[in-house]
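Please keep the sequence and the 3D view open while you read this note. Look at each residue as it comes up.

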Amino acid sequence: GDFATVVLHGATVPVEQSGAFGYACSYAYNPPKQVPAIIFQGMASPLMNPMHAFQVEDEFIILNDYLDKGIRDLPAVKDKRIDTVPDTETYGYTKYSLVGQNNKVFLERYMINRLNHAWSGGDGKFKYNDPKGPSATELMIKFFKRFGL
């Protein structure tokens, strides 16, 4: 589909195909057994449909399932945790954490209430930044440090 259709309604390529394609692209590079991901979605964005966050999550689940043995054989997700954080000095959000077969969180998805189409916790002097947060930058650093990145 065209750009506007994709932005408003989600990708047109099925997530199963995207996840498999991601694995095929990584195969020649001795891929790791797990690829972590963190996703942020502003729930008040008039532009980006929350469907994108769900599609990216599903693609990473499929990719991670392929990474252990090269086939879709068992769910990459062993458990899911849901944490709801109310509005305080930052926007409230719901965090979904996916736990892999190794009992470690490999994906976090933040659905941030009232965040528009902006970088969460960014410098308000710049366009498309919302200083109220939570700070996506801090959350990303904390998340990826667990993987030695």
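The points below cover the sheet, its helices, the aromatic rings and the salt bridges.

1. **The model.** Treat every value here as computed, for this is a predicted model.

2. **The sheet.** Begin with the strands. Four of them make an open sheet, in the order E1-E4-E3-E2, and the pairing is mixed. Which strands are at the edges? They are E1 (37–42) and E2, and each pairs on one side only. On average, neighbouring strands are turned by 15° against each other, direction ignored.

3. **Strand E3 and its neighbours.** Now follow E3 on both sides. E3 and E4 run antiparallel and are joined by 7 bridges. E2 and E3 also run antiparallel, with 8 bridges between them. Some partners can be named. Val99 stands opposite Val105 in E4. Tyr93 has Ile112 in E4 as its bridge partner.

4. **The turn between E3 and E4.** These two strands form a hairpin with 4 residues between them. Asn103 takes a positive phi near 70°.

5. **Is E3 buried or exposed?** Buried: this holds for 8 of the 8 residues of E3, so the strand is largely enclosed by the rest of the structure. In a regular strand, side chains alternate between the two faces of the sheet. Compare that with E3. Tyr93, Lys95, Ser97 and Val99 point one way. Thr94, Tyr96, Leu98 and Gly100 point the other way. Both sets are buried.

6. **Helices on the sheet.** Helix H3 (residues 51–69) lies across E1, E2, E3 and E4. H3 runs at about 175° to E4. Helix H4 packs on the sheet too, where H4 touches E1 and E4. The direction of H4 makes about 160° with that of E1.

7. The whole structure holds 6 aromatic pairs. One of them is Tyr93 with Tyr110. Why is this pair called tilted? The planes of the two rings meet at 55°, so the pair is tilted, and the ring centres are 5.4 Å apart. The cut-off explains the label: over 60 degrees would count as edge-to-face, and under 30 degrees as stacked. Tyr93 is in strand E3 (residues 93–100) and Tyr110 is in strand E4 (residues 105–112). The pair links distant parts of the chain, 17 residues apart. Both tyrosines are buried. They also belong to one aromatic cluster with Phe40 and Trp119.

8. **Another ring pair.** Phe143 and Phe147 form a tilted pair as well. Their centres are 5.3 Å apart, with 55° between the planes. The surroundings of the two rings are worth checking. Phe143 is buried, at a relative accessible area of 1%. Phe147 is partly exposed, at 28%.

9. **A charge over a ring.** Turn to Tyr96. The charged end of Arg109 sits over the Tyr96 ring, 4.0 Å from the ring centre.

10. **Salt bridges.** A search of the whole structure finds 9 of them. One joins Asp73 to Lys69, with the closest N and O atoms 2.7 Å apart. Lys69 is exposed, at 57% relative accessible area. Asp73 is partly exposed, at 32%. There is also a network, in which salt bridges link Glu16, Asp65 and Arg72.

11. **Arg146 and Glu108.** What ties these two together across the sequence? Their side chains meet in a salt bridge, 2.9 Å from N to O. Arg146 lies in the segment after helix H4 (136–145) and Glu108 in strand E4, so the bridge ties together parts that are 38 residues apart in sequence. Glu108 is buried, at 4% relative accessibility. Arg146 is partly exposed, with a relative accessible area of 48%.

12. **Arg114 and Asp87.** Look at this pair last. The two side chains meet in a salt bridge with an N to O distance of 1.5 Å. Arg114 is in the loop between E4 and strand E5 (119–120). Asp87 is in the loop between strand E2 (77–85) and E3. The two residues are 27 apart in the chain. Asp87 counts as partly exposed, at 35% relative accessibility.

Notes
Residues numbered from 1 in each chain as written. Predicted model: local features only at pLDDT ≥ 70, side-chain atom pairs only at ≥ 80, totals over all residues. Heavy atoms only, no water. Phe/Tyr/Trp six-rings, centres within 6.5 Å; stacked < 30°, edge-to-face > 60°. Buried < 20%, exposed > 50% of the residue type's maximum accessible area, 1.4 Å probe, protein only. Lys NZ or Arg CZ within 6 Å of the ring centre and 35° of its normal. Salt bridge = Lys/Arg side-chain N within 4 Å of Asp/Glu carboxyl O. Pairing = 2+ DSSP bridges. Axes fitted to C-alpha atoms, helices over the stretch in contact; angles between N-to-C directions. Contact = heavy atoms within 4.5 Å.
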